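Subject: Structure for you to look at

Hello,

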Amino acid sequence: MLLASLCAPAFRWSRVLVVLALLSVSARAQRFQASTTPGEVHAPDTHVHVADGTLQPGIPCGVPTPTEAQLAADDAAVAALNARHGGAYRSGTTLTIPVAFHVINQGSGPDNGDVPDEWIEDQIRVLNDSFDGTTGGHRTNFRFELDLVTRTTNPTWFTGCHSNPDPMKLALHHSPATHLNVYSCRLPSGAFGFATYPWYYPEDDYRHGVVILDQSMPGGSALPYNEGDTAVHEVGHYLGLYHTFDGTTGCAGGDVPPGCETDGDRVCDTPAEIVMAFGCPAGRDTCPGGGPDPIENFMDYTDDACKYELTAGQSDRMDREVALYKPTLLLGGCEQALAATLDDDTPAPGDVITFTTTVTNHDDSPAPLDLWLDADGPVSRTVRLGSGILPAGATVTRAVRVRVPANAPDGTYDLDLHIGDYPDDACDTARFTIHVAAPTAIAGGGATFEATVEGADFFAAATSTAPAVVSPNPFARHAVITYEVAASAEVRLAVYDVLGREVAVLADGHR
C-alpha cells in the first residue's frame, strides 16, 4: 500500500519509506508546490528514471502521518531518558553492528538481482564512511560489519518485497535483536527503500530491518542514486532518524520553530526545511532564518553525489533511540559492556584527564578481557591498561588517568577506551573527543599519551560469599535485599527493567 502523505514519524506504526532513487525533477517540480490534498506534500510532476531508463511518475514518500499522541509518546520517552542521565543522554560508546545481508533475486546475474559480493562489500564501506564522518559529516557512534550473506532465488519475493515483505522477512531474518538485517530486491517504480523505526516492534521482532533497491547499491544502474546512499538513508530510519523535512508546523512564521527537539525531525542542528529536496539545489532555503536547507544531509532526497552529512544532533538522537528501544543491540553481540565518563574535554598540554570507567559482565560465566586506550590525533598512541578475568555477573568501576603529552600541539584528539581481545577485537568501546589548546607547550616535555589505571588489577572484582537474597520473593511493593562481599570492595546494586534499562540504584560505593 502506498500512501502519499506528509513524511513524519509514527510511534509504533509500520513505517514504510518509499523513495530515494532515480529521481529526475523538472524545473516546475523544483518549486515544490504543496498539493491541495490534506496531509500530502510533494512535487506533483516529479518523475523517476526506472531501471530500464524510462521516465515514469514517482511517489516521493509513502509514510503514514502519525497522530500527535504517537509523537508525544516517543518525545516523552526521550525526555525521560535524558532526565535519568541528568541532561541530554549521549552514549559515548562506539557500537559495531553486525549486518545480515539478504540478496533476493529472480535468477543469475546483477540484472536479475543476484548482485555480486563486491557490491555488498562496497555498500558496507559506504555505510561506514557515512556514519564515521569520512564523507565530511559528523562522526557518529555507529559502525557496521558484514557478518553473513544469504542468497535466495524467489521471483515472488523479488518483485513483491515492497507490497508484502513479511513472508520474506519471516523466512530469512537473522537475530534482529543483535543484527541489522538488509534485504535487496526489485522495488516497484518510484519506490526505492523502506525501513522500520526502532520503536515500532519489540527489538527481536523479525520485521525489523531495511529493504533497498538492488540497483541503488554501488555498482548498480540507478543513476544518480547508485552510490549506496539509499541504504544510508534507510539505516538512519532504522536507528531512529526522521526526514530533515518532517514536521507539522511548517516554518513557524519563517523562522526555525522554537523547541526544535520537539518538532520537525527532533534535531536542532538540521535547519528547518518545509519540503523535500531533489537534485542538488545549492542554497535552497524554504524556511528563511535558520540557514539553507540541509540538502547535503543523508536524510533528505537529493542525489547521492550531493549527500555527505549526518550531524552531531542526529548522532545524539540515534544514541537515544537505540538506548530506548534496542538495548540488546547496544551489547553489539557481546555480553560485556563498557561505560565511561570524562572529567575534562578541553585540557592543556601536560594536564591529566580522568575517565570513570565501568565494565559489566552480563554473561553467566567469567570473561577474559583486556582494557586498552587508542589515542588518535596530531599525537597518537595505543596503551594497554590491563588484562584479567571478570567474574560472571560482576561489575567493576575504576578511574583511568591519561596525561596529555606535555608538548602536544593544538588540535582535536579522538580517545577510544576498549574492552575485548587486545589489540584488534574490541567487545565494547567508549569514545571521546578532546580539544587541546596549546598556547605554550612545555619544551622537552613528554611526547606521547601516558595512561594509568586505578588499582593493580582492573578486572579484579569481589565475589559474593552467598547469593543475594530477596525477601519476600516474588513481592508486590516492598522487599529486602541482603548481600555479602568476600572482601572490602566497591559495590553497586542497581535495579533494571525487562528491557535492561536502569530504573534505580540501591547501593553505589565502598563496602
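Leu 506 is part of strand S20, residues 502–510 (strands are DSSP runs of E, at least two residues, numbered from the N terminus). Together with Ile 481, Val 495 and Val 503, Leu 506 makes a nonpolar surface patch of about 310 Å².

This is a predicted model, where local features need pLDDT of at least 70, side-chain atom pairs count only at pLDDT 80 or more, and totals for chains, interfaces and linings use all residues. Residues are numbered from 1 along each chain as its sequence is written, and side-chain values use heavy atoms, with hydrogens and water left out.

There are eight aromatic pairs (rings of Phe, Tyr and Trp, the last by its six-membered ring, with centres within 6.5 Å; planes under 30 degrees apart are stacked, over 60 edge-to-face, the rest tilted). Tyr 197 and Trp 199 are stacked, because their ring centres are 4.7 Å apart and their planes stand at 25°. Tyr 197 is buried at 0% relative accessible area, and Trp 199 is likewise buried at 0% (buried is under 20%, exposed over 50%, partly exposed in between; 1.4 Å probe, protein chains only).

Phe 355 and Phe 432 form a tilted pair, 5.1 Å centre to centre with 55° between the planes. Phe 355 is in strand S10 (residues 352–361) and Phe 432 in strand S15 (residues 425–436), so the pair ties together parts 77 residues apart in sequence. Phe 355 is buried at 0%, and Phe 432 is buried at 13%.

Ring pairs also link Tyr 197, Trp 199 and Tyr 242 into a cluster.

Regards

Note on methods:
Patch = residues over 30% accessible without salt bridge, like charges linked within 9 Å, V, L, I, M, F, W, Y side chains within 5 Å. Areas by Shrake-Rupley, 256 points an atom, 1.4 Å probe, with all protein chains shown as cover. Salt bridge = Lys/Arg side-chain N within 4 Å of Asp/Glu carboxyl O. Helix = DSSP H or I, 4+ residues; strand = E, 2+ residues; numbered from the N terminus.
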